[in-house]
Amino acid sequence: MRATVTIDIETCKGCVLCVPVCPPRVLVMSEAVNTKGYRYPLLLDGCTGCELCAKVCPDYCFEVYREPLEERRAGGEAMST
Amino acid sequence: MNQPLAPPPGMNKVFDKPELLLRTEHSLCPGCGEPIALRLMLELIQELGVRDRTICVAGIGCYTAFPMIMDVDVLQALHGRAPSVATGAKRVRPDAFVFTMQGDGDMVSEGLQEVIHSAARGERFTAVVLNNGVFGETGGHATATTVLGQHTKTTPGGRNLELHGNPIKISELIAQLDGTAYVARASVHTPSSIKLTRQYLHDAFQCQLAGRGFSFVEILTMCPTDWFVPPEAGPGWLAEHLKTTYPVGVLKDQATNA
Amino acid sequence: MSRRVLMEGSCAMAEGALQAGCRFYAGYPITPSTEILEYMAVRMPQVGGVCMNAESEIEAIGMVWGAAGCGVRSMIASTGQGISLMQESFAELANAQIPIVAVNMGRGQGDYFQATRGGGHGDYRFMVLAPSSAQEAVDLIQEAFYLADKWRNPVLIMGDFLLAHTSELVEFRPRAEPELPPKTWATTGAKGRRGLTLSPLGPSEKLSTDIAAALGKVTEKHPAIKAAEVRVDSGWVDDADLVVIAFGFPGRFVKYAVRLAREHGLRVGYVRPISLWPFPSAAIADAAQRAKALAVFELNAGQMIEDVQLAALGRVPLHAIGGISQDHSGFGVGPALTVENILARIRDVYPRAAA
C-alpha cells in the first residue's frame, strides 16, 4: 500500500469531520465505541496519504504515512505527492 | 491516555501532531474548530523558529484549556483584557513574539475597547480571535458577533434586529484604523479554508516579526454544541450562517498595500 | 553623594520608584494622581523604561499586568474611583502572584476598606503602606518594590491629596536590598526550558491541574507576611491616658496635636500605623492595655476604627474623633484636618475619671 494513517481511537470524540473530507472515501465510522463512548473511524484500503483527515481532526487523532517516493517509482506505480 | 501507535514499517511519517503540543487530549467538544486553529498556530511558531521567545496572552473561553498543553510561555489574562496585557508584555520585551488568543465573546463583547485601542496605537503584537458567534464556555449565549437569526440561550428564537441589534464585524472595524498593518479573516470548516487560515496566520506572524505593526487574524470556528447541531453539521452551519455574515479574505496588508 | 531636593510629593514618589528599578508605568489621568503619570511620561524614557497613558484604568492595569508578568518592576497610580475600576485585575493578578506596586492618591481617607479588605473578589490581600511625608513616601515606595518581589504579592501605597501636592525636601538614598531570587515564574520566552503558564486560574506547570495547590499559595503566605512586615510609628504611649490612632498625612497632624496636648499637660500618645495591611494590632493592643481610652482620627465615616476595635478587644473606650471632611474642591481636604480641630477633639474625649 502506498499510504496509511494511524488513528488514536481512544482520543477520538466521534465528531465525524474526517469521514466526508476523505477523497477516496476510505474512512467509515465504527459500530463499536471507545472507552469514552464515542464511535471512531476505521480505515479501509485505498488511503492515498492526502492528510485531509489529519488536518480537519480537532483531536489530533491521525498520523499519516506514505511510502517513500523511490520505492513507489521502483514499484512502477503512478507518481503522486 | 495515549498509547504509542506502531508506525507502519518502511513508510515515512508525513503528518504528525505539532511538536509544541504537549498532549492531544483536551476538554473541548467533538467537532470544535478551535483545536484546528491551535494546531496551525503551534506549527507556525515551530516553523518560524520563535518558540523560545513566544509569549501567548490567552483570554478566557473554551480555549483557556489550551495553555496547559502548549509548550510555549503563556500569560493568562482576564476576559477581554488580553490586548492590554499583550501591550505591556511587548512594550517591555520588544524582541518577544507576542500574540493574543481570544474568542469573539472575549474580544468583541467584553474587550472591544481594548483591541481597538491596541490596534489604533499600532501595538506590535498579533491579535487572534476565534469567532464562533457565541459564548461557548458559559453554554451558548449571544455575543457581539452572534449573527441575525442565530438562536442562543439569550436570543431565543434567533437574534432579532429590533431586540438585539446588529452583530459587529470586528475585522472590518480593525482594518479601518490607521496603524493596523495586517488584517485578515479566515475559517477552519473545510480543508481548503484551513490551508488559507494557515497562510493568513503565517502572514500576520510575519508582519510582527518584520516589525510592520499591529496584525490581526479572525478565524471562524465551528461550535456545534452551542449552535445546537450535531458535530458533523458544524462545517455546513458555518458556511451557511457565519461565513455569509463574515466574508473571508485579506482586508488589509501594508506589505502589499492591499 | 546624596542631596536633598525640593519636590512635590507625587513627583518624589515617582522618582523614588524609578530609582528602585521601576521600568514600566501605566496610568490614566485622575486627580490627584495625575502628576505621577506626567512625571513618568518624561522620566521613564530617560531611564530606558516605558510609560503608557492608557485609554482607561482597566487597560492601564492590564498593561502593568503584562509588563510585571514578564518580570519587569511595574507600577500604577490612581485615586479611589480608578482603583475601584481596577479591582478585578488586582484580585486576579494577586492570585497569579504577580508583583506590582500600586499607588492610591486618595481623596480623603475613605479608601481604607478598599485597600485593606482586598477591594476585589477572593481571599487575596494587598500589602498596604501609608506614608505621612514625602520622604517617607520615597522610602516606602522603594521598599514596596522589594516587598512585592520578595512575597510575589502586590503592594499598595496609600497616599492622599496633601501627599500628592505638598512640596518637601527629599533625599533619594541608595538602598541596600537583600538579594532576591530570579523571577523564574515570569513569562520571558521558554528558552532552554519547557513553557510555563502564568495564570490566576491554576498551576504554572503544563499538564498540571492542581488548582488547589496553586491558589493555596496566594493565602498561605499571609501569616508569614503578618509576622514580618508590620510597620508602625508611635510616641508617648507608655504613660498615656489617651492614645490617638491615625494614618497617612493626617497622622502627621495628629502627632503635632499630641505634642501640643502634652505641652498643655494632657497625657496623650499616638500610634501611627504605617503598614495598614498587615495591621499593627500588637501596638494597638499594647496601647489599649496601658491607656484609659483610645481615639481614632481618620477622614472617613469610620473604617480603620474597625481594625482598632478588633485589636483593642473592648479593653477601653474607643472614640471616633475624625469624620468625612470636604472643602469645595471635593478632594477630601476639609476643615477637620487642622491641628486646632484635632486638639479640640482630643480634649473632648480625654478621660477625666481617675484610674
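## Contacts in chain C

Two residues are in contact if their C-beta atoms, placed from the backbone, lie within 7 Å. With that in hand, let's look at chain C of this predicted model: among its contacts between residues at least 6 apart in sequence, 80% join residues at least 24 apart.

Local features here need pLDDT of at least 70 and side-chain atom pairs count only at pLDDT 80 or more, while totals for chains, interfaces and linings use all residues. Residues are numbered from 1 along each chain as its sequence is written, and chains are lettered from A and ligands numbered from 1 in the order in which they are written.

## How the chains meet

Two pairs of chains are in contact, and chains B and C share the most contacts. Chain A and chain C do not touch, with 16 Å between their nearest C-alpha atoms.

## The nonpolar core

Next, the interior. A nonpolar core is a set of buried Ala, Val, Leu, Ile, Met, Phe, Trp, Tyr and Cys residues joined through C-beta atoms within 7 Å; buried means that 20 or more other C-beta atoms lie within 10 Å of a residue's own. In chain C, 56% of the 355 residues count as buried.

The largest core has 226 residues, and those with the most contacts inside it are Val57(B), Ala89(B), Val64(C), Val101(C) and Val244(C). Not counting residues up to four places away in sequence, Val244(C) touches several residues, including Val254(C), Tyr270(C), Phe297(C) and Ile346(C).

Notes
A residue is buried if 20 or more other C-beta atoms lie within 10 Å of its own, exposed if 12 or fewer, and partly exposed in between; C-beta atoms are placed from the backbone.
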